[in-house]
Amino acid sequence: MSSDLVAQPFSAPQVYIVDDEPDILQMLRDVVELSGLVAHCFFQADDFIKEIQGFDGNNILILDLQMPKVDGIEVIRHLAAMENPPELILISGQDSSVLSGAENLAVAHALTVRGTLEKPLSIGSLRSLLETQTAAATTKFKGDIKPAVRDFSAEEIREALDLNQFVLHYQPKEEFALSGAAKYSAECLVRWQHPIQGLIYPDRFIPLIQRQGWMADLTSIVFNQAIMQQRQWQKDDLHINLSINVSASDITSLTLPESISRLLTENELDTTKITLEVTESELMGELTTSLDVLTRLRLKGVRLSIDDFGTGYSSLLQLFRMPFSELKIDQSFVSKMVVDMEALAIVKACIMLGEQFQMRVVAEGVEDQATKALLEDLGCQAVQGYVIAKPMAADFFGEWLTLALTTSNTLVRPPLPNT
Ligand code: C2E
Ligand code: MG
Ligand code: MG
């Protein structure tokens, strides 16, 4: 019989302490023992890691984050791989952002964090964290419910913008028919290279940046990086059109066309090397201003693409009066078009609309060969998705593209790096 839903009698947890400072370790041991619990002390994290294999799930770990050899973050990584990880009390002598970053990381790994403490330590706070039973009691019944990932604060995002912690990854779009067009172009996708948590994807920071009104700062970082990278590739004889995502606030900024053409001229690149992607749902907000900006961009030679097409409920008439050259069918339809008749009908309609309005049609989110082949049959011009390659850091992408251009696209497929 499963015991999952039966309350278990409470047995006292074993407490492990990892801290490289002898005085603090002694003090922590005293507080733990004062609370009537058994303490196991370690000066070095790697000694502790050797010990953790046999853990049975009723343990607490008081972990100092800053240690000379193996630090607290590496310990968290080890705990994440355990079947019965201890609950955590994180301590640090550094500022509170380090503690909150480590807490976020632990939560993202589905670990239970009882609390965080800054040095100098408050004995009262530590005792109450040790004596609380709630965490131990609740995790027993949680099943597969993972703790929610904490949202970032506006201050954290502002700091990331000021320190320029954003990097671009590049995902290829592959052309079916080569009527003079290059076989590959690429979309620039922004990621936050968080100093503690690693790579963070746009859905976790773009909405907040938008709410704070800081989109222009991110867009400027993205443009600068994309254009520098394109210049470098051009020097390496890799000529590729790059698509950059812009948001509604960008396309209502009347100075956007001029700043883009200035940046391109400064880097000796021409405007035809850039495509701007605007999601359909963002297009209709301030129609007149965006029409002004988009038209001037087209006049300067920049290509425009409607992203996530099919999800925005916009008026087709208004939409097709705008000067777009490309339409990207949203991946929610593409991913199931082989098995779902409705999705297939929408994809066909998008391809037909593209033909009627002389727009290039790209399908995004193409994950398998069957979908790719069907799209080619239906007359779609290009595909983007994991079947070609996942988004890659600049160096990987450069190598990928070189290889892809020199090998036969049917006989040898370039490797698909995982990012
Ligand atoms: P998007 O522009 O529609 O980008 C396509 C998204 O689909 C990317 O997610 C990409 O990694 C993902 N994707 C590509 N191929 C496949 C596939 O075969 N299967 C699946 N399941 N997914 C695939 P990502 O990078 O997380 O970006 C999400 C969205 O964030 C983007 O959607 C775009 O709207 C926005 N974004 C990304 N970079 C920027 C940026 O620099 N500026 C702005 N304003 N928005 C950006
Ligand atoms: Mg896009
Ligand atoms: Mg899209």
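This passage describes the ligand site and selected local features of a predicted model. Local features need pLDDT of at least 70, side-chain atom pairs count only at pLDDT 80 or more, and totals for chains, interfaces and linings use all residues. Residues are numbered from 1 along each chain as its sequence is written, chains are lettered from A and ligands numbered from 1 in the order in which they are written, and side-chain values use heavy atoms, with hydrogens and water left out.

Ligand 1 is surrounded by 21 residues. A residue is near a molecule or strand if one of its heavy atoms lies within 4 Å of it. The closest are Arg191, Asp307, Gln331, Glu367 and Tyr386. By class, the shell around ligand 1 holds nine nonpolar, five polar and seven charged residues. Here Ala, Val, Leu, Ile, Met, Phe, Trp, Tyr, Cys and Pro count as nonpolar, Asp, Glu, Lys and Arg as charged, and the others, Gly among them, as polar.

A polar side-chain atom of Asn245 lies 3.0 Å from a ligand 1 oxygen. For Asp308, a side-chain N or O atom is 3.0 Å from an oxygen atom of ligand 1. For Glu364, the distance from a polar side-chain atom to a ligand 1 oxygen is 3.4 Å. Taken alone, ligand 1 exposes 800 Å², and the protein buries 82% of that. These areas come from the Shrake-Rupley method with a 1.4 Å probe; for residues, only the protein chains shown count as cover.

The largest pocket is the space taken by ligand 1. Pockets are found on a 1 Å grid over the protein atoms alone: a pocket is an open set of points with protein on both sides within 12 Å along at least five of seven lines, whereas in a cavity a 1.4 Å probe fits but cannot get out; lining residues have an atom within 4 Å of a point. A molecule sits in a cavity or pocket if more than half of its atoms lie within 2 Å of its grid points. Strand 7 (184-194), helix 9 (215-235) and strand 11 (303-309) each give two or more residues to the shell around ligand 1. Strand 7 supplies the largest share, four residues. Helices (H or I, at least four residues) and strands (E, at least two) are DSSP runs, numbered from the N terminus.

Backbone geometry was examined next. Most residues other than glycine have a negative phi, and most peptide bonds are trans. Lys119 and Pro120 are joined by a cis peptide bond, with omega about -5°. Pro120 is in the loop between strand 5 (113-118) and helix 5 (123-131). Asp237 is not a glycine, yet has a positive phi of about 70°. Asp237 belongs to the loop between helix 9 and strand 9. It is exposed because its relative accessible area is 58%, where buried means under 20%, exposed over 50% and partly exposed in between (1.4 Å probe, protein chains only). Gln358, also not a glycine, has a positive phi of about 50°. Gln358 is in the loop between helix 16 and strand 13 (360-364). At 68% relative accessibility, Gln358 is exposed.

His40 lies in strand 2 (residues 38-42) and is partly exposed at 25%. His40 and Ile17 are 23 residues apart in sequence, with a C-alpha distance of 6.1 Å. Glu355 is in helix 16 (residues 341-356) and is partly exposed at 49%. Its C-alpha atom is separated by 9.0 Å from that of Gly379, 24 residues apart along the chain.

Asp270 lies in the loop between helix 11 (256-266) and strand 10 (274-279). Asp270 counts as partly exposed because its relative accessible area is 37%. Asp270 and Lys300 are 30 residues apart in sequence and 9.5 Å apart from C-alpha to C-alpha. The side chains of Asp270 and Thr272 make a polar contact of 2.2 Å.

How values were computed. Polar contact = N/O pair within 3.5 Å; in protein donor to acceptor, adjacent residues only side chain to side chain.
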